[in-house]
Amino acid sequence: MQDKDGVETSFEEYPNQLELSRLFEKLGVSDSELLAKEIRHFTEEEAEKRDQILINYFGEEGVNRIVNKIIEFFSSPPELPPDADVLDVGAGTGFFTLKVAEKFPKACFYAMDITPAMLLSLVRKNTNVKPFVGVAENIEGSIREARTHFNIPLKFDAVFSTLMLHHIVQPEKVFESIKKVLKQDGKAIIIDLCEHSFEEFRREMGDIHLGFNLEEVCKMARKSFSNVEVNTMPGIGCKCSGRSVELFVAYMQNSP
Ligand SMILES: C[S@@+](CC[C@H](N)C(=O)[O-])C[C@H]1O[C@@H](n2cnc3c(N)ncnc32)[C@H](O)[C@@H]1O
């Protein structure tokens, strides 16, 4: 990656230079202990094997359905400009980021996540996607901090997020945070888990919320966006050890 002065910076060195506790403070993270626990979980349990975990959850067909939902939305009017700036929030190892990016070869894709180890797995894939560390509840502030290292736009044509929302202490903040970095007419899509009763997911997967009901998602989204649609994704489930959880998809548009 290049920093804003055009100097080449290695992403491998960047997380080492970051003091996460100071970053949390600057970005106003409300529960830094819980976030540190999340980071530990993803570093130790998922960074090396997230891609395989996703295949196990959804199978190739389910993965393609998720990817196609995002691509269809971005391709529907108002279509993204060919040179769009697109942000994946809570991108993890970039599994979905890369699959969506393949369909928009002239667009510039950015991957933000709070767990450096997840982003390092993405960096090792040697792609054009630009990673940076940040928190979903304050994307604007995260970009401001990351811009001291890298050249990242302040606003995006499109934002997406997959399977991150149920890891966020105050998920309503994520909608507001996305709204702030969307251009006029920009669009956002969030795919996550519907409400379920598998309490053990908190321990096994570091989940904070046992999914969401659709009304709850609508309510959170409408606080920041006037143009909102939330649906379940029939025929696809997140399957794990005999348990299956439905997904929802929330579409949001930033009307002028
Ligand atoms: C279940 S993984 C999903 C990763 C990726 N989107 C995917 O679909 O594979 C959740 C991701 O959210 C990140 N995360 C958790 N809390 C976050 C926060 N407050 N801000 C940004 N990322 C966060 C974790 O580090 C992890 O990479």
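A salt bridge here is a side-chain nitrogen of Lys or Arg within 4 Å of a carboxyl oxygen of Asp or Glu. The model is predicted: local features need pLDDT of at least 70, side-chain atom pairs count only at pLDDT 80 or more, and totals for chains, interfaces and linings use all residues. Residues are numbered from 1 along each chain as its sequence is written, and side-chain values use heavy atoms, with hydrogens and water left out.

## Salt bridges

The structure holds nine salt bridges.

| Pair | N to O distance |
|---|---|
| Lys183 and Asp157 | 3.1 Å |
| Lys180 and Glu176 | 4.0 Å |
| Glu199 and Arg202 | 2.7 Å |

Take Lys183 and Asp157, whose side chains meet in a salt bridge. Lys183 sits in strand β5 (residues 182–193) and Asp157 in strand β4 (residues 156–162), so the pair ties together parts that are 26 residues apart in sequence. Strands are DSSP runs of E with at least two residues, helices are runs of H or I with at least four, and numbering starts at the N terminus. Asp157 is buried at 12%. Lys183 is partly exposed at 30%.

Lys180 and Glu176 pair within helix α8 (residues 172–180). They are four residues apart there, which means a separation of about one helical turn. Lys180 is partly exposed, with 40% relative accessibility. Glu176 is partly exposed, with 40% as well.

The salt bridge of Glu199 with Arg202 has its closest N and O atoms 2.7 Å apart. Glu199 has a relative accessible area of 46% and is partly exposed. Arg202 is partly exposed at 37%. Salt bridges that share partners also join Glu200, Glu204 and Arg243 into one network.

## Packing of α4 and α5

Helix α4 covers residues 50–75 and helix α5 covers residues 95–102. Their axes come within 10 Å and cross at roughly 40 degrees. Axes are lines fitted to C-alpha atoms, for helices over the stretch in contact, and angles run from 0 to 180 degrees between N-to-C directions. The two helices are therefore oblique to each other. The scale runs as follows: under 35 degrees is roughly parallel, over 145 roughly antiparallel, 65 to 115 roughly perpendicular, and the rest oblique.

Which residues meet across this pair? From α4 come Asp51, Leu54, Ile55, Val63, Ile66, Val67, Ile70, Ile71 and Phe74. From α5 come Phe95, Phe96, Lys99 and Val100. Contact means heavy atoms within 4.5 Å. The residues of this contact divide into 11 nonpolar, no polar and two charged. Nonpolar covers Ala, Val, Leu, Ile, Met, Phe, Trp, Tyr, Cys and Pro; charged covers Asp, Glu, Lys and Arg; the others, Gly among them, are polar.

## Backbone features

Most residues other than glycine have a negative phi, and most peptide bonds are trans. Pro77 and Pro78 are joined by a cis peptide bond, with omega about -10 degrees. Pro78 is placed in the loop between α4 and β1 (85–89).

Asn126 has a positive phi, near 55 degrees. Its loop runs between α6 (116–123) and β3 (130–133). Asn126 is exposed at 70% relative accessibility.

Leu163 also has a positive phi, about 60 degrees, although it is not a glycine. Leu163 lies in the loop between β4 and α8. Is Leu163 buried or exposed? Leu163 is buried, with a relative accessible area of 9%.

Technical notes. Buried < 20%, exposed > 50% of the residue type's maximum accessible area, 1.4 Å probe, protein only.
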